[in-house]
Amino acid sequence: MYQAPRGTADILPEQQPYWNHVCSAVRRIAHRYGYERIDTPVFEDSGVFLRTVGEDTDIVQKETYSFKDRGGDELTLRPEKTAAVCRAYLEHGMRNLPQPVRLYYVAPMFRYDRPQAGRYRQFHQYGAEAIGDADPAVDAEMIQLALDMIRSIGLRRLTLVLNNIGDPADRARYVAALKEHFRPHFAELGHDGQRRFERNALRLLDSKELAGKPFFEAAPKSTDFLGLEAKAHWDRLLGYLDNLGIAYRLDHRLVRGLDYYTRTVFEIFPEVEGAQSAAGGGGRYDGLMEQLGGKPTPAIGFAAGIERAILNLQREGVVQLARPAGPIVVAYNGAAPKARAMLLVSAVRSKGGRAVLAPERSLKSQMRYADSVRAPKVLILGPQELERGIVTMRDMAAAAQVEVPIDEAPDRLAALEGP
Ligand code: AMP
């Protein structure tokens, strides 16, 4: 027997209310902030991710699903959305639109990750990008949007963690200082740490193994290496957050894994027992467009995971989502009533109601079927009803029934659905 591939999951009907809840919360908040939806293909030219996310990142080194298609093109299933949205921004000349261009998305991502609770190989993210404006007020907007979306999904007591990793030149000076600091402790870095030291020293800071060691805690801070412009941007952002009453915690070890980030980086943690990781995170990526061959274009975005959000919702019991009522069931007894019942089902649907035909069994068993699909009402049509031009309408919760002229039934049932 086949099973879903490791690290993937089916989203069954009983889980769909959670997904609807998340997607409609995201849509509602995006709308309030003036963000419009964008969808991009599931795969892109591999270069879109290789050149932006960074060749020395875990994502590109170990986690991409890349393949050559039958025509010989090198393609990658998207591991994240930002680079793809930027590719679309360039391809469609969105710099001619009023800036910033505000976009949001909900989409599956693919990473060859080690599967565990809340970690999948195909997972879903929602997120947003504001492209074309360097104003720190846009950073504040993105952070506020991220908090609002995560909160509106139902995750409470959120902590915003913030850092600034500077512009590329600041970062080069900072990375040099970091290496200077860690070099005397090279032997204590461990295999993974030594690799990070050699290839991408910034990432030493999000090493879980090193946390707690005194030399690690004493590492220099990126915010002490900011150039004048990045520093001014940073001070203004903190001022704007204060102004908006958005609390934050500064953490100089927050660097985010990807190469394209500049200046502001942030993550948002829900205070949930057993929540091992951030609900979402993001940052500014002012250099990304150039890496894709475009003109310099400042931008900022964030992304958050849906599976983890749903897991947290269920764990916390914050949102109790009942499955919605089922459709009306039309039951029948005999061949002529069945033919009439099929017309009745069609008529209910064309009036905007929801209906299904009962499976061909005894009437009693059709009623049991109606019960198990949570039908709010059942229409019963037998030879006698047919002859009299009526149908019996049974309310399942009240266990009460009335007779209704057949031709009136569709309108009465459609009215149940509301506008
Ligand atoms: P990232 O793009 O790595 O910053 O991830 C942003 C968010 O996506 C994380 O905070 C998680 O909620 C979610 N996420 C990342 N990787 C996975 C994964 N493999 N499975 C499920 N969710 C993930």
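A polar side-chain atom of Gln125 is placed 2.9 Å from an oxygen atom of the ligand in this structure, which is a predicted model. The ligand is surrounded by 14 residues, of which the closest are Arg111, Tyr120, Gln125, Arg256 and Ala278.

The protein chain is divided into two parts, with domain 1 covering residues 13-167 + 227-316 and domain 2 covering residues 328-417. The centres of domain 1 and domain 2, taken over C-alpha atoms, are separated by 49 Å.

Strand 11 (residues 299-305) is mostly covered, with 6 of its 7 residues buried. On one hand, strand 11 pairs with strand 6 (residues 122-131) in the antiparallel sense over 7 bridges, and Ala130 has Ile300 of strand 11 as its bridge partner. On the other hand, strand 11 pairs with strand 10 (residues 280-284), again in the antiparallel sense, over 5 bridges, and here Gly283 stands opposite Gly301.

Helix 11 spans residues 306-316, and its buried residues are Ile306, Glu307, Ala309, Ile310, Asn312 and Leu313. The elements that cover these buried residues include helix 1, strand 5, strand 6, helix 5, strand 9 and strand 11. Helix 11 is followed by Gly317, which has a positive phi near 65 degrees.

Thr40 is found in the loop between strand 1 (36-37) and strand 2 (43-45). Because its relative accessible area is 12%, which is under 20%, Thr40 is counted as buried. When neighbours within four places in sequence are left aside, Thr40 is in contact with Arg78, Lys81, Ala84, Arg87 and Ala88. With Lys81, Thr40 makes a polar contact from side chain to side chain, at 2.8 Å.

Pro327 has its place in the loop between helix 11 and strand 12. Not counting residues up to four places away in sequence, Pro327 touches Arg354, Ala355, Val356, Val373, Ala375 and Pro376. The C-alpha atom of Pro327 is separated by 26 Å from that of Glu387, a residue 60 places apart from Pro327 along the chain.

A further open sheet consists of 5 strands in the order 13-12-14-15-16, and its pairing is mixed. Strand 13 (355-357) and strand 16 (400-405) are its edge strands, each pairing on one side only. From one strand to the next, the twist of this sheet averages 25 degrees. Strand 14 (residues 377-381) and strand 15 (residues 390-395) run antiparallel and are joined by 4 bridges, with Leu379 standing opposite Met393 of strand 15. Helix 12 (residues 335-350) packs on this sheet and touches strand 12 (328-332), strand 13, strand 14 and strand 15, while the direction of helix 12 makes about 160 degrees with that of strand 13. Helix 13 (residues 363-372) likewise packs on the sheet, touching strand 12, strand 13, strand 14 and strand 15, and the direction of helix 13 makes about 175 degrees with that of strand 12.

Methods
Residues are numbered from 1 along each chain as its sequence is written. This is a predicted model: local features need pLDDT of at least 70, side-chain atom pairs count only at pLDDT 80 or more; totals for chains, interfaces and linings use all residues. Side-chain values use heavy atoms; hydrogens and water are left out. Helices (H or I, at least four residues) and strands (E, at least two) are DSSP runs, numbered from the N terminus. Buried means under 20% relative accessible area, exposed over 50%, partly exposed in between (1.4 Å probe, protein chains only). A polar contact is a pair of N or O atoms within 3.5 Å; within protein, one must be able to donate a hydrogen and the other to accept it, and residues adjacent in sequence count only if both atoms are side-chain atoms. Contact means heavy atoms within 4.5 Å. Domain bounds come from an automatic or database domain assignment. Two strands pair if DSSP finds at least two bridges between them. Axes are lines fitted to C-alpha atoms, for helices over the stretch in contact, and angles run from 0 to 180 degrees between N-to-C directions. A residue is near a molecule or strand if one of its heavy atoms lies within 4 Å of it.
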